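Visitor: Can you put the model up and walk me through some of the packing? I'll ask as we go.

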Amino acid sequence: MAQRVDVVVVGLGVGGEEVAGKLAEAGLAVVGIESNLVGGECPYWGCVPSKMMIRGGNALEEARRVAKLAGSATVHPDWTPIAKRIREEATDDWDDTVAVDRFVGKGGRFVRGYAALTGPRTVTVADQEFEATRAIVIGTGAAPSAPPIEGLAGTPYWTNREAIEVEDLPVSLIVLGGGAIGVELAQVFARFGVRVTVVESADRLVPIEEPEASAQVRTALEADGVVVHTGMHASRVLHSEAEGFAVEIGQGAPAVTGDRLLVATGRRARIADLGLETVGLDETARWLETDDRMRAADGIWAVGDVTGRGAFTHMAMYEAGVAIRDILGQEGPPADYRAVPRVTFTDPELGSVGLTEAEARDRGMSVRVGLTDITTSSRGWIHKEGNAGLIKLVADGEVLVGATSVGPTGGEVLSMLTLAVHARVPLAQLRSMIYAYPTFHRAVEDALRNLA
């Protein structure tokens, strides 16, 4: 017989854990089900440990810049402190006991296992069945999606997980995919002395970003010794224990070789085998479609990576907040995706929000673009080494609809631009602000002057 509860949350990644915990704190009877680690990708294989890696790589690069700024320094990369910090400070050696106890401490009931929907309000995990009288919430996240390249399947290629867990660095590494994950990991491994080659099928790195930003990222990676191939499609993968990997990229180019291969070509929602057909949903879809209250079907909500609106922790938390309010019957704004920020944590950082210039033009907007080079700003000139960056603004008439911030603090400068896009702040008001001097964000004022 099914056990009756108020809410069942399937998948306790960032979004699911937030929903389950907040609803339990609100006094509802909540069952949280997770087959892997509570907290999901971010704290164990994503944003937290990867930024620890990046922090170490950036520290090495800053030390190398001392000679041109303040004297001399000798740099000897050592991966050991990074691997140790990831295990001890970020992941508890990939143990989620603390996260489980945190959820249970809020009043939730935790079940470890693989769950499946068996009807409009029922969820089965192992030999237990639960009837959710109020809500089922799906937050099962997304998994790396490997392309159907001849010879790839069955080889010991890395995803982001193996790259994060590595204790002994390879001599050389091939990275398939020049999106955010690919370029971040490529740069950090290169800074620790690994010979890195990136292969991207699009005509530029981070192709969802502005072309000017893509060019900045490529220049930065190549300065770190990364070999970049864009517009190249991997057609075949060869592997042997003795010789490592060889990736054929066609067009008469020689095969790319490396000890290890990291596949960072995209992610797909974990929705297969969830029993979605029992509630009228398509389990063969790439993502779960939701409305502006995060409802995927009657009595079913979805949050986080499974919704396909960006595999970001901040997106999962945002959508969780919308779902929580809706399930509790509370007032609050619906989901609004006009000003979704994202940051690629290369050096320089690449932050963007809203529409790119191309997207705005495709929508038939009255597009105006303002661009400025960070190095020409007072702060950029003072900063000197490591000062590469730009600000690009995209306006529809007299309102910003998108912006890109590249620079030493590109993700931080993005905050004011995100607010401007989200709140539809008129350009006249942005121009009349007082911008602190000398700051990187003051370059926004220059980009505003250049709008045309």
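Visitor: Which hand does the crossing of α1 and α9 have?

Guide: The crossing of α1 and α9 is right-handed, where right-handed means that the near helix is turned clockwise from the far one by less than a right angle. This is a predicted model, so local features need pLDDT of at least 70 and side-chain atom pairs count only at pLDDT 80 or more, while totals for chains, interfaces and linings use all residues. Residues are numbered from 1 along each chain as its sequence is written, and side-chain values use heavy atoms, with hydrogens and water left out.

Visitor: At what angle do the two helices pack, and how far apart are the axes?

Guide: Helix α1 (residues 14–25) packs against helix α9 (residues 313–328) at about 30°, and the axes are 8 Å apart. Axes are lines fitted to C-alpha atoms, for helices over the stretch in contact, with angles from 0 to 180 degrees between N-to-C directions. Helices (H or I, at least four residues) and strands (E, at least two) are DSSP runs, numbered from the N terminus.

Visitor: Which residues make the contact?

Guide: On α1 they are V14, G15, E18, V19, K22 and L23. On α9 they are T313, A316, M317, A320, I324, I327 and L328. Contact means heavy atoms within 4.5 Å. By class there are nine nonpolar, two polar and two charged residues; Ala, Val, Leu, Ile, Met, Phe, Trp, Tyr, Cys and Pro count as nonpolar, Asp, Glu, Lys and Arg as charged, and the others, Gly among them, as polar.

Visitor: Switching to holes. How many cavities of 30 Å³ or more are there?

Guide: The count is one cavity of 30 Å³ or more. The largest cavity holds about 40 Å³ of space. On a 1 Å grid over the protein atoms alone, a cavity is a set of points where a 1.4 Å probe fits but cannot get out; a pocket is an open set with protein on both sides within 12 Å along at least five of seven lines; lining residues have an atom within 4 Å of a point. Grid points are joined across faces, edges and corners, and a volume is the space filled by probe spheres set on the points.

Visitor: What lines the largest cavity?

Guide: E209, E210, R342, S352, V353, G354, L355, T356, A403 and T404. Strand β19 gives the most, with three residues.

Visitor: And the second largest pocket, what volume does it have?

Guide: About 280 Å³. Of its 15 lining residues, R55, N58, D347, E349 and P408 are the closest to the centre. Helix α3 (residues 47–65) supplies the largest share of the lining, seven residues. The lining divides into four nonpolar, five polar and six charged residues.

Visitor: Last topic, sheets. In what order do β11, β12 and β13 come?

Guide: The order is β11-β12-β13, in an open sheet with antiparallel pairing. Two strands pair if DSSP finds at least two bridges between them. β11 (236–240) and β13 (256–258) are at the edges with a single partner strand each, so one side of each has no neighbour in the sheet. The twist averages 15° from one strand to the next.

Visitor: Over how many bridges do β12 and β13 pair?

Guide: Strand β12 (residues 244–248) and β13 pair over three bridges, and A246 stands opposite T257 in β13.
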